Every structure is written in structure tokens, then in C-alpha cells.
Amino acid sequence: MLGYLLRRIFAAVPVMGVVALFVFLLLRLTPGDPAAILAGDNATPERLERIRASLGLNEPLIVQFITWVNKLLHGDLGTSLISNLPVMKMIGQRVEPSISIALSTIILAVIVAVPLGVIAAWKHGTWIDRFVMGLSVLGFSVPVFVVGYLLIEVFAIDLRWVPVQGFRSISNGFGPFFERMILPTCALSFIYIALIARMTRAAMLDVLGEDYVRTARAKGINEVAVMMRHALRNAAVPVITVIGTGFALLISGVVVTESVFNIPGIGRLTVDAVLARDYPVIQAMILLTSLIYVVVNLLIDVAYTLLDPRIRY
Amino acid sequence: MDSGLALRAPRNDERSCMTNPVLDINNLVVSIGKKPKGANIIDGISIQVHERETLCLVGESGSGKSVTSLTTMGLLPKGTLVPTAGSVKLVGEELLTATDRRLRQLRATQMAMIFQEPMTALNPVVPVGRQIDEVLRAHTDLDAKARKKRILDMMEQVRLPQVERIFASYPHRLSGGQRQRIMIAMALVLEPKLLIADEPTTALDVTTQKQILTLIRDLQRDHGTAVLFITHDMGVVAEIADRVAVMRQGRLVETGPLETVLRNPTMEYTRNLLSAVPSLVPRAARPETKEPVVLEANDLSKVYKERAFFGKGREVVAADKVTLTLRKGRTLGIVGESGSGKSTVARCIVRLIDPTSGGVRLSGREISDISRRLLQPHRQKIQIVFQDPYRSLNPRVTVGESIAEGPINYGVSHADAMKRARELLELVGLPADAVSRYPHQFSGGQRQRIAIARALALDPDVLVADEAVSALDVSVQAQVLELLDEIQKRLGIAILFITHDLRVAAQICDEVVVMQHGRVVEQGPAAEVLTHPKEAYTRALLEAAPGRGWDFANFRPVSEGVAATA
């Protein structure tokens with residue numbers, strides 16, 4: 001197992017290398033002078049020269065790349081062109097809200113969706129099944145901002161149970177952190193509940209036709225044990241895949257939710273950087289997103305080996 | 001230990017008739033769907049199984065054997081198949097009206113079941129010991145230690161080696177035979193009164209089959225279990241049955257003690273079923289011929305290499321220096337158990353896979369190392385028929401197009417190819433107008449005829465039949481074998497016949513090659529190898545063939561036949 005983990009981490013290195021090369025070339029291969037792109041439209045010649053020097057643009061390409069990677073490995077992602085803050089620090093501030101929301105959303109979604117999917121499959125073809133599937137279609141179709149504003153209207157403005165928007169770090173106490181997490185989590189989890197419930201139901205239906213489920217029933221054990229111990233564990237692999245990729249998407253791509261609830265997360269940072277052509281930040285975000293996907297995929301594969309003893313590497 | 005070969009003396013039937021039956025199925029009707037007018041899958045059958053008795057329920061596919069057993073267990077798919085009349089009583093208790101809860105209590109404690117496919121009947125993600133443990137946890141109050149002791153004891157009773165290790169193993173670590181032993185241990189751990197075995201040895205090799213049959217019988221003797229044994233294989237019936245019930249299309253055709261049914265079947269259907277069982281005694285040898293050799297394999301080997309990221313890869317030798325020759329108009333059989341490499345050899349010869357080393361000469365031309373492009377003109381000289389006719393024909397292409405595709409690829413005009421397809425369909429005993437129909441409109445036997453017609457469309461010198469009759473019922477199997485024989489006589493084609501079934505091999509082959517672990521163990525004329533085997537492995541294979549002592553087609557034991565001719 002440990003050997004497998006090390007091998008997988010080792011195998012991720014070339015992937016990250018290719019991504020790094022791409023990110024590096026992104027700026028260099030864009031038509032025109034990278035320094036001019038970086039400096040923006042109203043740059044003075046002195047400023048251009050300073051940027052050239054700081055990026056080492058006068059050096060050969062390969063030397064530039066090595067220098068850049070070296071800095072990268074030391075945690076130096078450059079400086080934002082807009083705020084003049086180190087990119088590393090900017091991202092650092094945004095990571096907590098994003099990860100918090102992604103985690104809470106995926107946890108809520110799994111807690112609600114997996115039982116729904118199991119019950120739908122168990123009661124396949126009955127009104128319960130059709131009801132769950134109907135909910136799922138609804139979850140897919142209603143945009144997240146509609147759900148978000150509805151929730152704010154009802155629970156924050158009318159009932160005044162929770163704050164309207166914003167984010168508090170967990171280091172300032174769990175209470176304020178938690179009450180601000182509730183609405184965005186609910187809004188976001190809608191579509192994930194729909195997705196995971198559907199996936200669970202489909203995987204369960206596949207497995208329920210298997211011989212070993214019949215064997216389990218022939219043993220005279222109760223239906224709950226048949227469903228949980230025999231069916232669900234075998235149906236888990238595709239479900240875990242959806243949960244994993246869903247989680248990766250959540251960290252980097254919840255701009256709308258962040259905007260609706262005014263949460264300073266990674267999604268908005270990315271959008272702002274793209275709009276302002278803040279290249280160092282964009283580069284860092286591409287690297288970070290790739291890293292998240294690589295790590296999540298690694299975790300999914302590890303989960304496979306834990307769930308299914310037949311999968312060996 | 002009982003060799004399991006000789007026919008058993010009938011047990012004292014008088015006594016078992018006096019006791020109450022363990023299982024009493026009376027006038028059972030099972031229909032499709034909930035509507036009152038659904039077709040009847042089971043149409044009024046009555047069966048009794050007594051303590052210490054094995055009742056074999058025989059019949060061809062679709063006769064309703066499995067539905068009968070699933071009805072008893074209460075495991076019919078809900079809503080699709082519904083018992084609509086009659087009764088099923090287990091030790092006097094009605095099962096059809098029992099609640100789900102009561103049925104759950106009865107399962108494993110009073111009635112238990114083992115299934116056909118040991119490969120899929122166990123949960124792949126739970127260690128087998130825990131799967132047995134589940135039965136004890138659901139039905140007893142024993143503590144963990146007592147449960148484990150009981151399980152290990154049961155695992156020893158089903159003669160599993162190293163029980164502690166196997167207890168903690170996952171199913172994929174065990175062989176098919178070991179998994180079936182686990183299933184049996186699971187079924188019998190609470191000593192149920194009734195054991196239902198649904199084709200429990202059909203998916204196993206003959207040598208394993210023999211062990212499992214002996215095991216079931218020994219355990220039955222020790223525990224006094226009533227066994228309802230479902231099978232399509234008359235050989236197995238002869239090995240294990242006390243009484244036989246023959247089913248056809250949901251009805252009971254005939255029932256009686258084993259000897260009576262095998263010797264004096266009263267119904268036409270039973271007679272036909274028995275007559276269709278191929279004899280283990282090889283057919284009379286055909287005279288040697290001086291016809292030209294059409295197919296030769298020389299030191300043919302296939303090695304699979306597993307590449308590893310780190311360290312050394314694993315090597316699996318699937319075929320090891322196999323040499324064989326086949327003359328025009330003759331049939332060569334390759335026999336062996338699963339994993340013996342027989343199909344690998346066939347596939348190498350047809351070049352569906354590339355051999356690692358060695359040569360294949362087809363009509364004098366070496367084809368093992370030429371490129372796929374150069375191989376093209378030679379492909380038509382060798383054609384293959386696969387095991388499963390349900391999957392080997394494209395379901396969305398008409399039968400005619402399937403047959404004509406080959407000739408069209410070799411430049412024959414569409415009209416001519418279709419004309420030829422009609423002729424071929426008639427040759428294999430199907431109407432010529434079948435060309436415009438689709439595979440699903442035909443039965444398994446008819447589809448296999450179509451597959452043969454497709455293979456013949458290119459006028460091959462060699463026809464390779466890879467387990468071509470294994471998926472068919474015996475009566476259909478007999479017809480297809482007859483067809484192959486007839487085609488060979490008419491066209492002078494050479495046949496390479498791959499099978500695990502020694503009975504089939506005995507009836508169609510001139511020469512046989514016996515394979516084990518990728519190697520040829522023994523080869524020679526079928527009459528010689530299958531009656532006077534020189535190698536221990538061949539002998540073991542023959543001895544394991546179920547019903548070896550019985551000449552089904554002549555309704556007598558083999559020994560009496562020998563006595564009659566002597």
C-alpha cells in the first residue's frame with residue numbers, strides 16, 4: 001500500500017511538470033513582449049525594463065524556465081501586477097473559505113444523496129423511486145443563484161436566523177464561522193445531491209442484479225444488511241469517483257456562490273485575475289487547480305483500493 | 001472414500017415414503033407478472049423430497065427448474081414472477097403465504113441454497129469467513145469466538161485446506177472449487193433440513209466437479225439433509241440422484257427412482273433426452289487416410305508478460321511447445337480443463353492472437369510470422385466458430401449479411417454472396433429465407449448453425465470449433481454435432497475441435513490432444529487415448545467424467561453392454 005502510494009505520488013511529478021511548462025510558456029509564447037503584457041497599456045519604458053529584468057527575459061528561454069521553477073519550488077509565485085502583493089499570500093488568504101465550503105457541501109451532499117439513491121434503487125419502480133428521481137431533475141435544473149437568493153430571502157431576511165452573507169475564519173470561533181456557512185452550503189449542495197443520488201441509484205441497480213446479492217438474501221439476513229453490507233460497498237466505486245471530481249470542481253469553480261454570498265474564495269480571485277489580466281495570479285491558479293485535481297485523483301484511487309480488494313497496483 | 005463412480009444401491013425407499021417429506025411442492029403454478037392472465041412458467045408441478053434423499057430435477061434450459069427452486073426459497077424477482085396456485089411446504093409449513101420475516105428466519109436454518117456460478121455468488125469485497133459469519137450472526141446468539149470455531153469446523157468439513165488463511169481471504173484469491181466449498185459451508189453451517197443445489201457443478205472442471213459431488217453426498221449422509229439437486233447433465237444425475245424428476249416447459253414429465261428412469265423411461269421426452277447424451281465410448285475409428293495435411297502447428301508457444309512499473313514482470317505460459325497435425329477430412333480434438341491453454345492454441349492457429357514462438361503451416365504455407373496484410377489471402381482457408389452463439393453474431397445485422405460479409409471482403413459481388421448465403425443456410429438445415437432475419441429471431445441451436453454457415457462461406461480448408469456445442473442443451477448439441485459430421489463428409493473439410501467435454505470429443509474426433517497447464521500431455525487416435533490412456537492426467541480426466549459407468553443412449557450400465565457384446 002505504502003509502495004503504491006509512493007509510486008502514485010512519483011507518477012504525479014511528470015504531470016505537474018507538464019502543467020508547469022505550459023504555465024511558463026503561456027506568458028512567453030503569447031504574441032508580443034511579455035513585459036508589455038505584464039505592465040499593461042500605460043507602462044513607462046523604465047517600468048518595462050524593470051519587469052524584463054525581474055523576469056529574466058533577457059536570458060535564454062531554458063535558463064528562464066529553470067529560474068522560474070526554482071522560485072516556484074521555494075514558494076515564490078511572483079507578485080500580483082494589480083495589488084503588488086506576493087501571489088502566494090493572496091492565494092493563502094482565499095484557500096480557507098474555498099476549502100471550507102467545498103468540504104461542507106460535499107459532506108452534506110453525501111449524507112443526503114447516498115441514502116436517497118439507495119432507497120430509490122431498493123424501491124425501484126415505485127413512487128418513492130420516481131419521487132427521488134424527480135427531485136434530482138429539479139436539483140439539476142434550478143441554477144445555484146436562484147436557490148441562493150431564495151435561501152437568503154427566507155432564512156436571512158425574513159426569518160433572520162442566519163447572517164445574509166460574508167465569511168468568518170474558523171479561528172475567530174466556530175459559531176460565527178458555522179452560521180455563515182449554512183446557506184452557501186445548502187445552495188451549493190443542491191446540484192451535488194442530485195448528481196450523487198442519481199449515480200448511487202444507477203450503481204446500486206447494477207449491483208442489485210448480481211448473484212452475491214441473491215446469495216445474501218438466501219442467507220436470511222435482513223434487507224438493511226443486504227443493502228448496506230453487500231450492495232452499497234460494491235456500488236461505491238463509481239459513486240466515489242463522482243464525489244471526488246465534484247469536490248475538486250467545488251474548490252476552484254464556485255464563483256457564482258461566492259458572489260451571491262460575498263465570500264472571498266479562490267473562484268472570485270481567479271475571475272478577478274482573468275478580467276484584470278493579472279498574469280502571475282492566473283499562472284498560480286492554473287498550477288493550484290491542476291495540483292488539486294492530481295491530489296483528488298490520487299485520493300480516489302486510494303479509496304478504490306480500500307473499497308475493493310481485487311484492485312491491486 | 002466412496003469413489004463416486006459406481007451407481008449406488010437404492011436407499012430404503014419404503015422408509016422415506018413413510019416419513020413426512022421435507023419439501024412438498026403440490027400443484028405449483030408460477031406465472032409472469034401480476035395480471036391473472038400471465039403465461040405460466042411453472043404449470044402445476046408436484047415434487048416431494050424426503051429426509052436423506054437426493055432428488056434430481058433435470059431438464060433443458062427454460063424448463064423451469066431454477067424457478068422452482070427460487071420459488072421455494074422465496075427469492076423470485078418481485079413482481080415479475082408470481083406463484084399463483086398450489087402450495088410449497090417445508091416440513092409441513094406453507095411457504096407461499098409465509099411473511100418475509102418468517103422466510104428470512106427459515107432461510108439458512110431450515111432451507112439453504114447453493115448456486116451455479118461460484119465466481120459471482122460471493123461478495124467480492126468481503127472476506128469469505130465473514131460471509132459465513134453473517135449467517136451465524138443473523139440466526140444464532142453465539143459469541144464471536146464460538147461462531148469462529150463453528151465456521152472453521154464447517155470449513156474443515158467441506159475439506160478446505162488451511163482454514164485459518166482461507167477464513168480471512170477474499171473470494172478472488174480462491175479457486176472456483178474452493179469458492180463452491182465456501183458456498184456449501186455457508187449453506188450447511190446451521191444444518192438445514194433442505195439443501196437446494198442449482199447446477200452447483202456446471203461451471204466447474206470435471207475433476208473439481210467430482211470432488212464437489214462427493215462432498216455434497218458425504219455431507220448429506222452425515223447431516224441427514226434432503227437435497228433438491230438441479231442439473232441439466234445426465235452424467236451428474238447418474239452420480240448423485242436417488243430419485244429423478246424430469247421437467248419440460250414448466251411441467252413434470254416423469255419422476256421415479258434413478259434406476260427406473262435411466263433403464264425404463266416411460267415418456268418419449270425422457271427417452272430422447274437420454275439418447276442425446278453422447279457416449280464416453282469413442283465412436284468406431286475411421287480408417288487412416290493419406291489425404292494431405294492441411295494444418296500443422298510446430299512447437300507453438302504463447303507467453304503472456306505482465307509488465308510491472310518496478311521490478312520484474314510476471315510471465316504466464318499459456319501454451320508451451322504445442323505440436324499437432326490435421327489432415328483433410330479429419331477431426332482433431334483438443335481437450336483439457338479451463339486454463340489448460342486449449343483456446344489459446346486455437347486462437348494462435350487462427351492468428352486471432354500472435355504466437356510468441358513456433359510455427360503454424362496452413363495448407364503448406366507458414367502463417368505464424370507473416371504480417372496481417374500478407375495473412376489476408378490465407379485467412380479464408382481457416383475459419384472459426386465460437387462458443388456462445390448469443391454473442392458471436394452481430395445483433396443488428398441480418399443473418400444473410402453476416403454470412404455474406406466474408407465473401408464480399410474477398411471480392412465476391414453482393415448478389416453472388418447472398419445467393420451463396422441462401423445455399424449455406426440450407427446446407428446447415430435452415431430455410432433459405434432466413435437470410436433477411438436477425439439473430440434474435442433464432443434459438444441457440446439455430447444461431448450456432450448460422451455461425452457454422454458463416455464460417456463455411458469462405459470455403460475454408462480448416463474449421464476451428466472452439467467449445468462450439470458447450471452452451472447448447474444436449475438434444476440440440478447432438479444435432480449440431482451431427483451437422484458438423486455431415487458437412488465434413490460432404491465438403492471434406494478438416495475440423496479442429498476444442499472442448500472440455502470428453503463425451504463430445506469421443507463422438508466427433510478422430511485424434512485427440514490432451515492439454516494441461518499449456519502443455520500437451522498425451523495425443524493419439526481418440527479410440528486409443530479415451531479408452532486406454534497412457535498418462536495419469538488423462539486417466540484422471542476420464543475417471544472424473546460424471547456418469548462414466550452408464551450408457552445412457554442404450555438405457556443400461558456400460559458393464560452390461562460389455563457383457564452383452566462379449
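Analyst: One term is needed first: a residue is buried if 20 or more other C-beta atoms lie within 10 Å of its own. The model is predicted.

User: What distance should helix α7 of chain A span, and how far apart are its end C-alpha atoms?
Analyst: The helix covers residues 144-158, which is 15 residues.

User: Where is the kink in α7(A) centred?
Analyst: The bend amounts to about 30 degrees.

User: Which residue just after α7(A) takes a positive phi?
Analyst: Look just past the end of the helix. The phi there is about 55 degrees. The residue is Arg160(A).

User: How many helices and strands does chain A have?
Analyst: Read from the N terminus on, the elements run α-α-α-α-α-α-α-α-α-α-α-α-α. The C-alpha trace of chain A spans about 80 × 55 × 35 Å along its principal axes. The count is 13 helices and zero strands.

User: What percentage of the residues in chain A is buried?
Analyst: Chain A has 313 residues. Of its contacts between residues at least 6 apart in sequence, 70% join residues at least 24 apart. The buried share of the residues is 32%.

User: What is the distance between the centres of domain 1 and domain 2 of chain A?
Analyst: The domain assignment places domain 1 at 15-73 and domain 2 at 95-307. The centres are taken over C-alpha atoms. Their separation is 38 Å.

User: Which element gives the largest share of the side of domain 1 of chain A that touches domain 2 of chain A?
Analyst: Nine residues of domain 1 of chain A meet seven residues of domain 2 of chain A. Two elements, α1 (2-28) and α2 (34-39) of chain A, each give two or more residues to the domain 1 side. By class, that side has nine nonpolar, no polar and no charged residues. The largest share, seven residues, comes from α1(A).

User: Which element gives the most to the side of chain A that touches chain B?
Analyst: The contact takes 20 residues from chain A and 24 residues from chain B. On the chain A side, α9 (211-218) and α10 (223-252) each supply at least two residues. That side divides into six nonpolar, five polar and nine charged residues. With seven residues, the element that gives the most is α9(A).

User: Why is α9(A) described as largely enclosed, and what do its buried residues pack against?
Analyst: Six of its eight residues are buried, so α9(A) is largely enclosed by the rest of the structure. Those buried are Tyr212(A), Arg214(A), Thr215(A), Ala216(A), Arg217(A) and Ala218(A). They pack against α10 of chain A together with α2 (65-73) and β6 (111-114) of chain B.

User: Which residue with a positive phi follows α9(A)?
Analyst: The phi in question is near 80 degrees. The residue is Gly220(A).

User: In chain B, which residue stands opposite Ser31(B) in β4(B)?
Analyst: Strand β1 (residues 23-32) and strand β4 (residues 81-90) of chain B run antiparallel, joined by eight bridges. Opposite Ser31(B) stands Val82(B).

User: Which residue takes a positive phi in the hairpin of β4(B) and β5(B)?
Analyst: β4(B) pairs with β5 (residues 93-94) of chain B in the antiparallel sense over two bridges. In β5(B), Glu94(B) is the bridge partner of Lys89(B). Two residues lie between the strands. The one with a positive phi, near 45 degrees, is Val91(B).

Technical notes:
Residues numbered from 1 in each chain as written. Chains lettered and ligands numbered in written order. Predicted model: local features only at pLDDT ≥ 70, side-chain atom pairs only at ≥ 80, totals over all residues. Helix = DSSP H or I, 4+ residues; strand = E, 2+ residues; numbered from the N terminus. Expected span 1.5 Å × (residues − 1). Bend = angle between axes of the 7 residues up to and from the residue. Contact = placed C-beta atoms within 7 Å. Nonpolar A, V, L, I, M, F, W, Y, C, P; charged D, E, K, R; others polar. Pairing = 2+ DSSP bridges. Domains from an automatic or database assignment. Buried ≥ 20, exposed ≤ 12 C-beta atoms within 10 Å, placed from the backbone.
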